[in-house]
Amino acid sequence: MQRTVFKSRWLPYVLVAPQMVVTVLFFFWPALKSLQLSFYRVSPFGDKSTFVGLDNFTKLLADPDYYASVVSSFLFAGGVTALAVLGSLVLAGLATQKIRGLAVYRTLLLWPYGIAPAVAGIIFLFIFHPAYGILPYFLSFVTDYQFNWLLKSWVAMILVIVATAWTHLGYNIAFYIAGLLAIPASVIEAADVDGAGPIRRFTAIVFPLVSPITFYLVVLNMVFAFFESFGVIDAVTKGGPGRSTEIMVYKLYRDGFIGLNLGSSGAQSVILMAMVIALTVLQFRFAEKKVTYR
Amino acid sequence: MPETKTSWWSAGAALLLATALLLVPATPALAKTEIQFWHAMTGQLNDAVNALVKQFNESQAEYEVKPLQKGNYAETLTAAIAAYRQRQAPHIVQVFEVGTQTMMLSGAILPVYQLMKEQEIAVDWKDFIAPVVGYYSKDGNLYSMPFNSSTPILYYNKDAFQKAGLDPSKPPQTWKQVEEYSKKLIASGATKCGFSTGWPSWVQVENMHALHDQPFASKHNGFDGLDTQLLINQEFGVKHLAQLAAWQKENVFSYGGRRGDADPKFLSGECGIYMQSSALIGGFTKGASFKWGTGQLPHYGAPYKRATSIIGGATLWVMKGRPSPENRGTARFLKFVSDTNQQMWWHVTTGYLAISNSAVKNLEAGYHFKKNPDQYTAFAQLTKGTATPNSQGLRLGNFTQIRDVIEAEMENVFAGKKTAKQGLDDAVAKSNEMLKEFAAANKQ
Amino acid sequence: MSAVGATGLEQAQVRARAADAPRRERAGGGALLVHALLIACIAVVVFPLYFAFVVSTQDLKEVVQRPPRLLPSTHLVENYTEAWRKSGMGVMLFNSAVMAVTVAVGKIIISMLSAFAVVYFSFRGRMVCFWMIFVTLMLPVPVRLVSTYEVIGTLGWLNSYQGLTVPLMASATATFLFRQFYLSIPNEMAEAAQLDGAGPLRFLFRFLLPLSWANIAALFVVLFIFGWNQYLWPLMITNTEAMRTVVIGLEHLIPRSGTDLPTWNLIMAGAMMALLPPVAIIVFMQRWFVKGLVESDK
């Protein structure tokens, strides 16, 4: 397919320059530096640095805390994704029934997307607070069990998962609504005539038809929860209790900036980089030629 | 070539904006010699720092100290290090006590005794109280200027004690009494829990070991060498942590989080007894809606000796690389801060310890401690016990991370995931790794 | 944000146009049930925000009261004023706004220009540029955390607006969105423009730009929210109160070292102020937001 192009010797370079400059300065150079840093042991003030080869990596791979952080990351990302994608599908399904007021409902469901995960985390922190929280208060009528997230790591994990998933519902719902509305009415009506109940209709027809959207959202939510959710952890649990919510990104930050172990932090960056690259390659294998990005 | 001017202008404007953003430099400082002072004090303490600095600035005309709040202690340290690496370090940085070893071995600081010698400013080093000097000196020379030092003490809710039938003028002095009083408090409904603690590692591990004359780490708690290892998983450490975990089950002890996260437990009346930094006296005076008092930290009694507690808080470090005229300003400010009058003012305003004997004597002469007996508790605990090698403080590298590790394992123990011995063994293993790393990175 | 395969997205785009077709309404009990379920779900979703608002209007005594009060109280004005004053909210809101708007606008401009260049020109290094931009998708902030900090330091941009915004201005997502959009514009338009004697820039501003408004609006919403809600980056780059953004400032309001008491009502007031601008943007621009994201080719 021959595209029409404009002729100019210098204009394209000028146009591309800003992006290239920022990309090289703030993406490539730091990424390479991270790579370099991972092979050194650096003193906090930067005055002494010794080449240690793969030492940082072997230490990481032998550290049970590191594996714990990998597990936490997947647990967290998985939890957020499951909750946000399923929840939004259900809500979108409800909101696209043949009823009036679709726009109003959509607005009411969409807005949490604007809330920063960290802010949502703080709100949920209060709701879950063992002393003041409204949730433990109501739960205390039902059971004697102490939902103290300061001690019980699974409560802490649920706290951050719920807060993060909450903010992401809106975005997912937008996509699902569009997808659900795009299913031709005739398909639904045909199923109606066939005598399929609403549940059957959903599982046999609707779900498969929106599965590409589901795939897209699952990947997107996973990536978001993995990389962009630092705020929730830092604002709410700070990796606790006992490191149970210390996801990989948080551990990287902690070791590098609080623990001042730049070499280990660099090594963790490199491993994360490898994971992202692997993930990206995997996605491309599964996707078709034309790809779109958020 | 675009034919209309608008296209050109828009394109040009966009590129100009981009270039402009890339070229605008950060604005430099100017005017009379500025001394940059980075600190981590928040709230009223921040106000106190500003007031103190103002006093200095107004007392002379050559130097102006500029205080900058940089976040919490860890953030301030990180910021200073990053700035140092970019050769933009401040003159003075407030670093918490756990950062002492890191700072001392960093090669980025100018030891305070050296600064004063170079600037020919006389400081009565011997006037500083022993626990403070011991913590921050090497070979008898003070490396950083003591600024805000505190030690953990015991707070108790007098109103709740009354309600529970306990004598409101008698705080518990032994752990046995703590248990007893807690149970009475709970039984009478005066409080929901017996006691809680702030800064779990600092209070319940570091200070308890010191108070009971138990070593926290080998090599004289790290003072004698970098090849040190933790000893908190010995008999005493396990005994105390196991006891806390057992009490946690009965609500005698209620874990409330790290740092000061548990403060609300005491302030809200949920717990009747609380162990936290003496620096909270000011905050509690303002915020508590009940009568409260202080006492020294509880002790197990025989067979353990009663030593002293160790200090916490922070000191002021001087960063290398500044020209001598600026160092002079720094020196003068540090001298100002450590002067008797300023010490007294700082102590009265913030509740932090007065760190020179003269200041303490003056305060005593003014009946300050008689009028404010709570302020004396901390001081007494630090200086009136028997100082032993185990109670002089800790000097460990990577101490921030180590404290983190200890507190994480404590949480595991309180949650019932590990036994006290297991948790402490794991903590020791991980911490020893970090100590080894530190030693390797700072081979001398 | 990372690379995502999105065939489903494309199909949704095609089908979304069908969404405009009118639908027969469901009558009777079925509709009532759906409404009821929806309202219940929305109540659950909205509750945390409602509760945060309620707390932000209470005073401390009411906050710790048991059972918790669920209706707004009367201390709204004093709480918000106190929270504003105590945390320097004005400065922080300004910083967040500067960051969000600059990042959004900057990203849109830079990406638009790059996409235009890559699609409408054939120049040496075109594919190299394309792949370089693509690779950035695989380098989210955490991966280059420590070293980017050093780069910013070297440039002297620590604790400055440049440091806050410029590094976030080049990411591939917006570029690829524009690229895909441009690729979907029929060839004939460009040919016609060339025949007319219009240069590339004129074509860009006179033809492509007007067509892209929906895209740009949607992108603006997404990028504004992205910029406003940034946490890790401002946390690293700024360390004085004067430069803090509102999301970080809020975290610092939570007392973690006990000389300040936990004033949850003020914290919630702060949270409300922090989330109001981006939520307002979504509410007001939601139509473009949904449309532009889902229907990126016309």
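Trainee: Is F47(C) buried, partly exposed or exposed?

Mentor: In this predicted model, F47(C) has a relative accessible area of 29%. Buried means under 20% and exposed means over 50%, so with that value F47(C) falls in between and is partly exposed.

Trainee: Which kind of aromatic pair do F47(C) and F51(C) form?

Mentor: The two residues are four apart in helix α2 of chain C, and therefore about one helical turn separates F47(C) from F51(C). F51(C), with a relative accessible area of 4%, is buried. The ring centres are 5.7 Å apart with 20° between the planes, and because planes under 30 degrees apart count as stacked, the pair is stacked.

Trainee: Which kind of aromatic pair do Y250(A) and Y253(A) form?

Mentor: These tyrosines are three residues apart in helix α12 (residues 248–258) of chain A, about one helical turn. Y250(A) is buried at 2% relative accessibility, and Y253(A) is buried at 6%. The centres lie 6.1 Å apart and the planes make 45°; since stacked requires under 30 degrees and edge-to-face over 60, the pair is tilted.

Trainee: Which helix of chain C gives the most to the side that touches chain A, and with how many residues?

Mentor: Chain C and chain A bury about 11,600 Å² between them, with 74% of it on carbon and sulfur atoms. The contributor that gives the most to the side of chain C touching chain A is helix α2 (residues 29–56), with 16 residues.

Trainee: How many nonpolar residues does that side of chain C have?

Mentor: Across this interface the rule finds zero salt bridges, while seven residue pairs are in polar contact. By class, the side of chain C that touches chain A has 13 charged and 23 polar residues, and its nonpolar residues number 93.

Note on methods: Residues are numbered from 1 along each chain as its sequence is written. Chains are lettered from A and ligands numbered from 1 in the order in which they are written. This is a predicted model: local features need pLDDT of at least 70, side-chain atom pairs count only at pLDDT 80 or more; totals for chains, interfaces and linings use all residues. Side-chain values use heavy atoms; hydrogens and water are left out. Buried area is the accessible area (1.4 Å probe) that two parts lose on being put together, summed over both. A salt bridge is a side-chain nitrogen of Lys or Arg within 4 Å of a carboxyl oxygen of Asp or Glu. A polar contact is a pair of N or O atoms within 3.5 Å; within protein, one must be able to donate a hydrogen and the other to accept it, and residues adjacent in sequence count only if both atoms are side-chain atoms. Ala, Val, Leu, Ile, Met, Phe, Trp, Tyr, Cys and Pro count as nonpolar, Asp, Glu, Lys and Arg as charged, and the others, Gly among them, as polar. Rings of Phe, Tyr and Trp (its six-membered ring) pair if their centres lie within 6.5 Å; planes under 30 degrees apart count as stacked, over 60 as edge-to-face and the rest as tilted. Buried means under 20% relative accessible area, exposed over 50%, partly exposed in between (1.4 Å probe, protein chains only).
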